[in-house]
Amino acid sequence: MKSRQVFILAGVLAIIGLGLFVFKAWRLHLPLTPGTTTDQWEVEVHISFQGEAKPAKAYLFIPSIRNRYAAIDHHFISRGYGLTTQAEGSNQQVIFATRKAAGEQNIYYRFGVHDSGRATPLLKARAPELPPVLWTGAELSAAQTILQEATAHSADTQTLVSALLARLNADPASDAAHLLLGATPTLSQRLETAVGILAMAKVAARTVHGIELVLGHKNAPLVHWLEYADNGHWLSYPAQGPGVRERWLPWWRGPTSLVRVSGGDKPRANLTVAWSPHLALASVADVIKNEAPLLLKFSFFSLPMHVQQVFKVLLTVPLGVLLLVFVRNVIGLTIFGTFMPVLIALAFRETHLLWGIFLFICIVAGGLTVRLYFEHLKLLVVPRLAAILIVVILLMAGLSILSYAMGMDRGWSIALFPMVILTMTVERLSVIWDERGPAAALQQAAGSLLVAALCHLAMSNPYTEHVMFIFPELLLVILALTLLLGRYTGYRLLELKRFRALVDRP
Amino acid sequence: MRVWHALRRLRAQGVLGLNARNADYLLPGNARRLYPLVDDKLRTKRLAEAAGIAVPPLYATIGTPHAAKMIHATLAAWPDFVIKPAHGSGGDGVLVITARTKAGYHLIDDTLLTPEALEFHIHNILGGIFSLGGQPDKALVEYRVRPDPLLADITFRGVPDIRIIVYRGTPVMAMLRLPTRHSGGRANLHQGAVGVGIDLANGRLLHGVWRDARVEEHPDTGHPLNALTIPRWHLLLELGARAFELTGLSYQGVDIVLDQDLGPLILELNARPGLTIQVANQAGLKERLRLIDTHRAYLAAATPPARARFAQEQFGIAQ
């Protein structure tokens, strides 16, 4: 009777959970695996300028990222500004506009970049326009001189670009180059000059500006290179070093600068590039937003980031608990405390497994030694437990400082061990030590530690974290399994050993 | 493969596992509110005395640290006694004191306990070290049972006891538990005592089990375990059957000791009796429990002696 109720309840829960899971995974195409998080970056542009107490506009190029790179999760933080987007040539531009900008103005633009690592196919150059020739007089003849020299030393478009840039980059500069570029030309000035000269040779070219995606770059410098049209495709030309490098993200093209401000003074743009491990999930949020906006509202993605982080950990706990139930009721291992291994496993998240086990053994062994000594002092129970708790904290503090001083950066994380649990473990261990002998005590301690390690492996791996966070409905399935285990009346694995005298009965 | 083999063998013999015991017998049959009756040995003792069932006489109850200090004066009248936690389980925290001298208290395993050490042990009991869940506890001081000489050959110190599993007031299986050197005078199997199965029909001893393996002789004295028959066996079964009326627990273990002066005494009741008794009897519990379930209408109306007779008739070992 009761069993049937349990079966029905478990069945309903499992169907709801699995149904939602299947729907989200196959209809909404939510990813089942976390993807590699190492090629995600977060880029932030910080624009600041002095307002002059009159209408102001700030123009900012935003990357129209395609192919190899995918931009996700655009955010603008611009209090008091209206925002419009428009196409400008081959670029996308955002215009921030306000009626009155007074004092220091700050605008932030943030986006994530996902690097798929795929090779980028060449962009098609459909009848590219040639810019008009800008130079007159002496400058024009200087440009013509450089072009003639470069043409004489080249066979096709690629070698022409190469020869031309060699002349413009030459140090010391030739007289003609000096005339065109001035005394201290920047790289983008050289490139723009090359674009102008190439136009005279009927070769369409343009400058490309971007950033390099590297770990942690505050004040990330812009990188520049050249694209020229050849046989209907845009080809990149190495503006620096051998070829456009890996992880150069193209942002905008043409002679204009990244940020322009009208109605303001001293515009500055500061770029930050950071490697961001969270974006794998943010991209899932984007998928949900497009596919089922209502779902996003009622998912963890609507919560603030730090709360999301808490739930990411919390949602894996039921998995550890299920494992614990299995170990206790199906395998039949005796362990300390009902959920002690799960709590220890949570602490292992920060300390990492081997180091965590080492610290656990150190603290419990140290605590046990002191506890066995306390036995001689004949202390009353509650003060004794309090004393052990204090000793445990002392041991934790000592180990932290010692390991930190020795340059082991994980040592401090010992502070995350649940000290009350450790105290009770020490006490129970010493009682068992007394009553059943050291062998039984160590056996139980080792069993608990083993289960804690298993729980850790189950709970803290990126796949479980990802799956439980994206598909929290799987908790219903875990609940169903736990209910079923609650009515499991079969033998425990270790009972087979316990009853071996009955098994081997003639 | 060996796992499957073992599973099949155990299932064929109807061996009851822990999960099945809990889910099929303890949870449905033993109401939560009845547990305190057996978990608190003081209440069990009072219940038994009220029903006219013999128990080891209580000398004192110690509930405060002050009373623990006064223990030496309180107990001056008795040279030997047993101290146990009221809420202990599995024999943990039980001290058997056989004599007191100027040096202190002599334990059954010949170690000497100073008066301070005895007080400390009582403090530990009061603090809840031995109680389930660690809640504060009381210490009971009671009569030290002098075991019947009948079992002296197969006992190494301590007091042997007889554990009877009683289901719906009907004895199902019984086992004699014999202290060994390893168990330190205690009769709990997990502490190293020997369990010996008993033929329910007549009290004849069957096989022994020691640390999960079969034995035919006592590991310390070397005497054969199956040479004896427990006298007045039907009286012991009746005593076990009457324990049902005391507590109302549908599935319980009744521990009985044989005192040379006072006769059979109920030592304690257990709401979660262990399952190794099946190894000692070389038989599974499931078939017997099922038989009781099929006759439950008759057994519910029967008196304890009639239920004991039912057990003798149904669960005896065929010669």
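Student: What share of the contacts in chain A with a separation of 6 or more comes from residues 24 or more positions apart?

Tutor: That would be 76%, where a contact means two C-beta atoms, placed from the backbone, within 7 Å. Bear in mind that this is a predicted model, in which local features need pLDDT of at least 70, side-chain atom pairs count only at pLDDT 80 or more, and totals for chains, interfaces and linings use all residues. Residues are numbered from 1 along each chain as its sequence is written, while chains are lettered from A and ligands numbered from 1 in the order in which they are written.

Student: Why are helix 2 and helix 3 of chain A called oblique to each other?

Tutor: Look at the axes, which are lines fitted to C-alpha atoms over the stretch in contact, with angles from 0 to 180 degrees between N-to-C directions. Those of helix 2 (residues 137–152) and helix 3 (residues 157–169) of chain A come within 8 Å and cross at roughly 130°. Under 35 degrees is roughly parallel, over 145 roughly antiparallel, 65 to 115 roughly perpendicular, and the rest oblique. So this pair is oblique.

Student: Which residues meet there?

Tutor: From helix 2 of chain A, Ile146(A), Glu149(A), Ala150(A) and Thr151(A); from helix 3 of chain A, Leu160(A), Ala163(A), Leu164(A) and Arg167(A).

Student: How do you know that the length of helix 12 of chain A agrees with what it should span?

Tutor: The expected span is 1.5 Å times one less than the number of residues. For the 25 residues of helix 12 (residues 381–405) of chain A that gives 36 Å, and the end C-alpha atoms are 36 Å apart, so the two agree.

Student: Which residues of helix 12 of chain A are buried, and what covers them?

Tutor: Among the buried ones are Leu385(A), Ile388(A), Val392(A) and Leu399(A). Their helix's cover includes helix 11 (353–377) and helix 13 (419–436) of chain A.

Student: What makes Lys202(A) exposed and Gln282(B) partly exposed?

Tutor: Count other C-beta atoms, placed from the backbone, within 10 Å of the residue's own: 20 or more is buried, 12 or fewer exposed, in between partly exposed. Lys202(A) has 7 and therefore counts as exposed, whereas Gln282(B) has 17 and so counts as partly exposed.

Student: What is the phi of each?

Tutor: Most residues other than glycine have a negative phi. Lys202(A), though not a glycine, has a positive phi of about 60°, and Gln282(B), also not a glycine, has a positive phi of about 50°.

Technical notes
Helix = DSSP H or I, 4+ residues; strand = E, 2+ residues; numbered from the N terminus.
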